[in-house]
Amino acid sequence: MAQALTERLYYTDAYLARFDGTVVDRHDDGRRIYLDRTAFYPTSGGQPHDLGRLDDVSVVDVVDEGNRIAHVLAEPLASETVTGELDWARRFDHMQQHTGQHLLSAVVADLFGFGTVSVHFGPATSTIDLDTPAIDPAQVTGAEARVNAAVWEQRPVDVTFEDASTAGGLRKPTDREGVIRIVGIRGLDRSACGGTHVRNTAEIGPVLLRGAERVRKSVRLEFVCGMRAIGAARADRQLLARLSAQSSAAPEDLPGILESQRAELKAAAAARREAVESLAGYRAREMYQATAPDAAGLRRAVVRDASALEPARVLAQAFTALPRAVLVVLVASPPSVLLAASADSGVDAGARLKAALSAAGGRGGGSPRLAQGSVPDAAALAGVVTALTAP
């Protein structure tokens with residue numbers, strides 16, 4: 001079949017959830033269908049595609065191919081005329097998020113002069129990236145209040161078709177030519193847009209700004225509208241209730257309790273660190289006394305089967321704080337080794353270990369006082385130990 005234009009019913013009626021159409025082309029054994037007209041919105045402009053059914057077959061994707069729209073189906077469809085039905089809950093949710101985004105972008109531009117450089121509509125939350133390196137909490141709160149005030153004002157959302165050369169008052173200039181579709185929020189915004197939108201701002205529902213973060217040279221604002229906002233608020237309340245129950249405290253007392261617990265944890269961590277260092281010092285002195293000096297006067301000790309290298313660092317540092325001391329620590333899994341040397345030992349731990357590991361097919365290195373590395377297998381550790389403990 002020859003290609004034919006698809007009449008996009010959602011351009012003039014975003015609330016059309018059921019329609020009839022004629023198949024004008026099909027591919028992939030009937031799993032990719034093209035209609036003469038459709039209410040299914042394709043993924044475009046950051047807004048996700050619609051889902052629904054053509055007759056009794058599920059629509060799993062909707063693709064904008066320029067002049068026509070492809071409906072990707074879960075299974076082949078042989079009918080020549082079809083009835084399409086949208087997943088209305090999904091469509092209306094997208095309408096709320098998209099119109100909410102227009103409103104939010106217009107408000108931050110009006111209040112603070114921040115333009116919107118990109119938009120993303122996700123399955124749970126949506127974001128706009130603003131052309132500013134920073135935004136303070138008071139600005140976020142102010143924007144949220146102004147957006148919700150505009151929601152309560154029930155401002156009409158108008159869709160018009162105008163020539164790009166004469167269309168004025170657009171929040172963001174467009175590089176398109178000819179007739180363009182403009183979505184306007186009465187008294188607040190005019191934007192060139194092909195997406196689906198609610199009839200008035202009241203239908204956006206409540207708008208929550210969930211957070212702001214720096215992303216490269218921009219600020220990313222996360223937001224939710226309508227039922228998403230209600231769901232997010234409910235989830236936040238449930239989380240707060242659980243935390244309150246676990247702490248046996250009122251919600252307003254939680255910040256003080258958490259701050260107190262953080263201080264206690266910090267003190268406990270410091271005490272534990274001090275205890276670990278003290279214990280390592282006792283063990284290091286015991287090992288030092290039990291290790292006979294070699295002909296050069298160095299005490300070379302070996303710790304085998306350590307659980308891991310990182311905990312052994314404290315012991316190694318305590319041991320080599322003593323005069324003319326060298327300590328080798330081995331870990332069987334993964335096969336690795338640590339070498340520590342006191343400042344007066346005459347041993348460069350980094351250079352010595354690197355040479356031993358290289359000969360065993362391993363890799364690693366470090367400073368003259370402390371170094372570590374690994375070998376391909378546990379059997380190679382024996383040769384590394386011999387090289388490190390040799391005079």
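Me: Contact means heavy atoms within 4.5 Å. What kind of model is this?
Reply: Residues are numbered from 1 along each chain as its sequence is written, and side-chain values use heavy atoms, with hydrogens and water left out. Local features need pLDDT of at least 70, side-chain atom pairs count only at pLDDT 80 or more, and totals for chains, interfaces and linings use all residues; the model is predicted.

Me: What does helix H3 reach between its end C-alpha atoms?
Reply: Helices (DSSP runs of H or I, at least four residues) and strands (runs of E, at least two) are numbered from the N terminus. H3 covers residues 227-247, which makes 21 residues. The expected span is 1.5 Å times one less than the number of residues. For H3 that gives 30 Å, and the distance in the model agrees: 30 Å.

Me: Which residues of H3 are buried?
Reply: The residues asked for have under 20% relative accessible area; exposed means over 50%, and partly exposed lies in between (1.4 Å probe, protein chains only). On the face turned away from them, H3 carries the exposed residues Met227, Arg237 and Ala245. The buried ones are Arg228, Ala229, Ala232 and Ser244.

Me: Why do the buried residues of H3 line one face of the helix?
Reply: The arc is taken from the directions that run from the helix axis to the C-beta atoms. Seen down the axis of H3, the buried residues line one face because they fall within an arc of 145 degrees.

Me: Which elements cover the buried residues of H3?
Reply: The cover comes from both helices and strands. It includes strand S10 (126-130), S14 and S15, along with H1 and helix H4 (254-290).

Me: Which residue with a positive phi follows H3?
Reply: Phi is near 50 degrees at this place. The residue that follows H3 is Ser248.

Me: Which residue in S13 is the bridge partner of Val183?
Reply: Strand S12 (residues 179-185) and S13 are antiparallel and pair over four bridges. The partner of Val183 is Ser191.

Me: How many residues does the hairpin use to join S19 to S20?
Reply: Strand S19 (residues 363-366) and strand S20 (residues 370-374) run antiparallel and are joined by four bridges. Gly364 stands opposite Gly373 in S20. The number of residues through which the hairpin joins S19 to S20 is three.

Me: Is Thr6 buried or exposed?
Reply: Thr6 is in the segment before strand S1 (7-8). Neighbours within four places in sequence aside, Thr6 is in contact with Leu35, Asp36, Arg37, Thr38, Asn67, Arg68 and Ile69. Its relative accessible area is 8%, so Thr6 is buried.

Technical notes: Two strands pair if DSSP finds at least two bridges between them.
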